[in-house]
Amino acid sequence: MEKIEQIFTFINKKTEELEKTESSTYLESVLTTLKGILDGKYELPFEAATKEEMRKAIQLSILKGMRESSQPNHQMTPDSLGLLITYFVEQFFEETLKDGTISILDPALGTGNLLFTIMNKLDGKVFATGVEVDELLIQLAGEIAELIEQPIQLYHQDALRPLLVDPVDVVVCDLPVGFYPNDDIAKNYELCSKEGMSYAHHLYIEQALNYTKDGGYLIFLIPATLFESEQAEMLHKFLKKYAWIQAVMQLPENIFKSKLHEKSILILQKKSDTMRPPKEVLLAKVPNLSNKQALLYFFEKVKIWKGQNTRK
């Protein structure tokens, strides 16, 4: 923790100086600071940090900036959820990861915290692609990727438009929640609402399936009420047609600000002619993430379920 605090203190000091002299926002100044470190303009006054120490220190700086930002898309996936999703990636690709690599896409990258958490844990085993519409966020993601030395292909665009991305082994995404404003683009989707505006989070699920290999996995952070909305029936039919639901897991309430912000994890597998659906969907409640004993028991249950259900 000491090294993380040192790096954060250094970045924060430079950022606050730039914020005053450049009349820019804190987040914009973080970007300038990171560029300065990469260009050798600012030298970190201590020995080299690990990739994780660097990621966590930058994350603290960005979190500070996001708290000051009023933009709803300036949110970050917490580390605890990133590590939980990494665990499921490791479970589903256990054999491949022993001596091979996997391709991962995050179509709502933000500053990349979710994807970089996975990449640092599976260091050297991931070929990653990120798509982000917000210019500042994708620039931050690019600088972080260089500083933590993680190779990633970045696309600055609306992820619901056609992508120049080859199908991947796994999609991970903290789904952007809300209505999608571009009706002309929404019309290209089966999950386009027949009346009124379409849900962006539904369209992201459909788009993610478009860029997943047959038999590949999709791990989403979804609103806890995803299957209770007025458009839920259409989503159910769509998923039944193209995917197998592997798991739906309720996350502990204490990690969210309010009931309105509560999320769950949804794991899908894209249908494949050479594979069979799971015998049983894993329906579970993730225990409090600070309760180590309960978590170990939960992971044991997941392993038993996986042994009984994942098969060619």
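Q: What does Gly 216 touch, leaving out residues up to four places away in sequence?
A: In this predicted model, Gly 216 touches Asp 169, Leu 268, Gln 269 and Lys 270.

Q: And where does Gly 216 lie?
A: Gly 216 is in strand E5, which covers residues 212-223.

Q: Buried or exposed, that Gly 216?
A: Buried, because its relative accessibility is 4%, and the cut-off for buried is under 20%.

Q: What separates the C-alpha atoms of Gly 216 and Lys 303?
A: They are separated by 19 Å, with the two residues 87 apart along the chain.

Q: OK, switching to cysteines. How many disulfides are there?
A: The count is zero. Cys 173 is in no disulfide, and the nearest cysteine sulfur, in Cys 192, is 19 Å away.

Q: I might want to think about labelling, so are Cys 173 and Cys 192 buried or exposed?
A: Cys 173 is buried, with a relative accessible area of 0%. Cys 192 counts as buried too, at 14% relative accessibility.

Q: Now the helices. How do H2 and H7 pack?
A: Helix H2 (residues 26-38) packs on helix H7 (residues 135-147) at an angle of about 30 degrees, and their axes are 10 Å apart. H2 and H7 are therefore roughly parallel to each other, since angles under 35 degrees count that way. The crossing of H2 past H7 is left-handed.

Q: Which residues make that contact?
A: From H2 you have Leu 27, Glu 28, Val 30, Leu 31, Leu 34, Lys 35, Ile 37 and Leu 38. On the H7 side, the residues are Leu 136, Gln 139, Leu 140, Glu 143, Ile 144, Glu 146 and Leu 147. By class, the contact of H2 with H7 has 10 nonpolar, one polar and four charged residues.

Q: What about H9 and H10, what's their angle?
A: Helix H9 (residues 200-210) and helix H10 (residues 232-242) pack at about 10 degrees, with axes 11 Å apart. So H9 and H10 are roughly parallel to each other.

Q: And which residues are in contact there?
A: His 202, Ile 205, Glu 206 and Leu 209 come from H9, while H10 brings Leu 235, Phe 238, Leu 239 and Tyr 242.

Q: How many residues of H6 are buried?
A: Eight of the nine residues in helix H6 (residues 113-121) are buried, so H6 is largely enclosed by the rest of the structure.

Q: Which ones in H6 are buried?
A: Asn 113, Leu 114, Leu 115, Phe 116, Thr 117, Ile 118, Met 119 and Asn 120.

Q: Last topic, backbone. What's the phi of Ser 23?
A: Ser 23 has a positive phi of about 50 degrees, although it is not a glycine. Ser 23 lies in the loop between helix H1 (2-22) and H2, and it counts as exposed at 67% relative accessibility.

Q: And Glu 149, what's phi there?
A: Phi of Glu 149 is near 55 degrees, a positive value in a residue other than glycine.

Q: Where is Glu 149 found, and is it buried or exposed?
A: Glu 149 is in the loop between H7 and strand E3 (152-156). At 58% relative accessibility, Glu 149 counts as exposed.

Key
Residues numbered from 1 in each chain as written. Predicted model: local features only at pLDDT ≥ 70, side-chain atom pairs only at ≥ 80, totals over all residues. Heavy atoms only, no water. Disulfide = S-S within 2.5 Å. Buried < 20%, exposed > 50% of the residue type's maximum accessible area, 1.4 Å probe, protein only. Axes fitted to C-alpha atoms, helices over the stretch in contact; angles between N-to-C directions. Helix = DSSP H or I, 4+ residues; strand = E, 2+ residues; numbered from the N terminus. Parallel < 35°, antiparallel > 145°, perpendicular 65-115°, else oblique. Left-handed = near helix turned anticlockwise from the far one by under 90°. Contact = heavy atoms within 4.5 Å. Nonpolar A, V, L, I, M, F, W, Y, C, P; charged D, E, K, R; others polar.
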